[in-house]
Amino acid sequence: MARLDDARFAIQEGIAQWFARQGHPELADLADVDVPTETGHGDLTTSVCLRAAKPMRTAPQALAQPLAEFLRQSIPMLASVEAAGPGFLNFTLQTPWLAQVVNDIRVQGPQYGHNDAGQGQRVLIEFVSANPTGPLVIVSGRAAAVGDAMARIMNVSGYHADREFYVNNAGNQIGKLGHAIFLRIQELQGHIIEEWPEGVYPGEYVIEVARQYLKQHPAFVAEQPTPDTLWMLGQYGAEVLRSEQEQVLKTFGVTFEHWTFEKDLRDQQAPEHIVQRLEDLGVVQEAEGAKWFMSTRFGDDKDRVLVKSDGTYTYFVPDAAYHAQKFERGYDWVIDLLGPDHHGYIGRMRALVTALGYAPDHFDVMIIQLVRLVRDGELVRMSKRGGQFVALADLIEEVGVDAARFFFLERAPNTPMDFDLGLAELKSNDNPVFYIQYAAARIHSVLRQWRESVHAELIWEPALLSQPLERRLLFVLARYPDIVRRAALDRAPQYLPKYLTELAQAFHSFYRQHRILDEAPAVTMARVALCEATLSVLSLGLGLLGISVPEHM
RNA sequence: GUCCCCGUAGCUCAGUGGAUAGAGCGCGGGACUUCUAAUCCCGGCGUCGCAGGUUCGAAUCCUGCCGGGGACACCA
């Protein structure tokens, strides 16, 4: 149990007791106890008097005074309880009690911040899932950073989260890729390609794939582009490109527990099965020569075609089969990270989940908005279609994994972002990643000198951490478990970068104001303990983001 | 036309129905013979797009409107 929660529960308990004594036990539910948004309103605050005044037919202030008095006397870890403003109660924690958070952090070690928000539920997070027809682009990096961080955050929040990459290696685009490879091979074998057919990838990277194929199959001669040949080349290219994507993601610190291939699902006749299953449920009808899923019955805008009049499936069918399979695999939560162009897809997929009898509110879609690259205030153009684009691999090479991940995670996933290349490259105070890492490096440096020095081993004394800047740092450290839990429940990884910036700031202020090593031994001991705790939380938090913790900078 | 997301400080953005709406950047000033100055300290009057509504209380919830972006295929 986290320290701040202990205080929160003690206060809620006290409030419940007091309301019970007033003959209103039901009002205890109104007791919110939160960290105030503004400093100067205590460590924790409640608006319960404002909420309870009406049902009790009295003024908030009339409740605040006696309740404050009661809580002051009944809750030991409180230093003060103040009635303030229109009827808020502001609580200040006893500093030595708060200082014990340093021990909590030491004792819990890597478990600090773990919480049970997920109650053991299994979660499948599907993300990136880029078509295997080219290198990963920038927005895939954003999805990778967000999906991976969400998995890490949920895994310390009582969920069992798995990461999954879905490979669309069975659709038309594979044929087009095959065609592009075929044409490139022809080029390499001396043909001149007059013009590129519509829809065939002209990207330069295809030349490399073609070259590689020829190296492995020197006898191949590109003459007739038969469907079989194009399909075979497409499969070959898809696997080469998918494998390159996997490597780039690995460099980026992102690995997947599962890779699911559309082709495997097709081979297992999953599309046939899902159509059959929907037919058995009586939610399919034929019209205009096609088979339709009556998704409007389940809240969708319009019904969706499953089987076209030419007898082939729409892309929705394999996707539907895939999502059904996710739930069948025993996941309690299915989370998809999708691009903004897919939001129309949410309604039909949720309708499907509902039709199949799974819990639609356990199907979450996080929309990952577009990323625009900016340098010196100007847009850096990227366009996959034109064959020129900025690849994720280039971005990583240019700004490094840590800066890239931090910038992607800093903002709410579902708002469009400008990625400032100039700022990310900067190894200076303006770069927020270095600001946080610098705090860790400073602590490492201090602790190194501490270990190398001659000193007595004392038990550190919490009462010695009483300076305002020490207290501020203690309080930020105590908030960490809350931040992690909220990030997990709200699916909001951006809470962590913000928190870590605050933590680094609290540390830098403290460090600038106070000496650590050349104080009286007992003071040094307490501050060393505080530094260790800070380093520990910085490391845990950066770890959840997949960002390194340097010992030197 | 229908639906979704977004409009908050010069810029980039936080903001969980609560108090005087906050950070970073930029700009100006100051601080190192001291454990890493990649740091710290000081400086913030903004129609929270507009108008209604709900509420003791709204940037936050509801309705309408304005502006920006996106989605609305028997394409994937």
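This is a predicted model: local features need pLDDT of at least 70, side-chain atom pairs count only at pLDDT 80 or more; totals for chains, interfaces and linings use all residues.

Analyst: Strand β2 (residues 78–84) pairs with strand β3 (residues 88–93) in the antiparallel sense, over 6 bridges.

User: What is the bridge partner of Ala 83 in β3?
Analyst: Leu 89.

User: And how many residues sit between β2 and β3 in the hairpin?
Analyst: There are 3 residues between β2 and β3. Gly 85, in the turn, has a positive phi of about 55 degrees.

User: Which UniProt domain covers residues 5–93?
Analyst: The unreviewed UniProt entry annotates that span as "Arginyl tRNA synthetase N-terminal". In the model, residues 5–93 are 42% helix and 18% strand, and the end C-alpha atoms lie 12 Å apart.

User: Where does UniProt put the 'HIGH' region?
Analyst: The unreviewed entry lists that short sequence motif at residues 130–140. The chain there is 27% helix and 0% strand, with the end C-alpha atoms 7 Å apart.

User: Switching topic. Which residues touch the most other members in the largest nonpolar core?
Analyst: Ile 125, Leu 395, Phe 408 and Phe 419, out of 130 residues in that core. Helix α20 (residues 521–545) gives the most to this core, with 14 residues. Domain 1 (3–93) and domain 2 (429–545) each supply at least three residues to this core.

User: How many residues does the other core have?
Analyst: The other core, which lies apart from the largest one, has 33 residues, among them Val 284, Leu 306, Val 334 and Tyr 345.

User: Back to Ile 125. What does Ile 125 touch?
Analyst: Leaving out residues up to four places away in sequence, the contacts of Ile 125 include Gly 147, Met 150, Met 154, Ile 335 and Leu 337. Asp 162, Arg 163 and Glu 164 are also among them.

User: Now Arg 304. Which strand is Arg 304 in?
Analyst: Arg 304 is in strand β9, which covers residues 304–307.

User: Is Arg 304 buried or exposed?
Analyst: Buried, because its relative accessibility is 13% and the cut-off for buried is under 20%.

User: What polar contact does the side chain of Arg 304 make with Asp 300?
Analyst: The two side chains are joined by a polar contact of 2.8 Å. A polar atom of the Arg 304 side chain also lies 3.3 Å from the backbone oxygen of Lys 302.

Technical notes. Residues are numbered from 1 along each chain as its sequence is written. Chains are lettered from A and ligands numbered from 1 in the order in which they are written. Side-chain values use heavy atoms; hydrogens and water are left out. Helices (H or I, at least four residues) and strands (E, at least two) are DSSP runs, numbered from the N terminus. Buried means under 20% relative accessible area, exposed over 50%, partly exposed in between (1.4 Å probe, protein chains only). A polar contact is a pair of N or O atoms within 3.5 Å; within protein, one must be able to donate a hydrogen and the other to accept it, and residues adjacent in sequence count only if both atoms are side-chain atoms. Two strands pair if DSSP finds at least two bridges between them. UniProt positions are given in the numbering used here, feature names are shortened, and annotations may be inferred rather than shown by experiment. A nonpolar core is a set of buried Ala, Val, Leu, Ile, Met, Phe, Trp, Tyr and Cys residues joined through side-chain atoms within 4.5 Å. Domain bounds come from an automatic or database domain assignment. Contact means heavy atoms within 4.5 Å.
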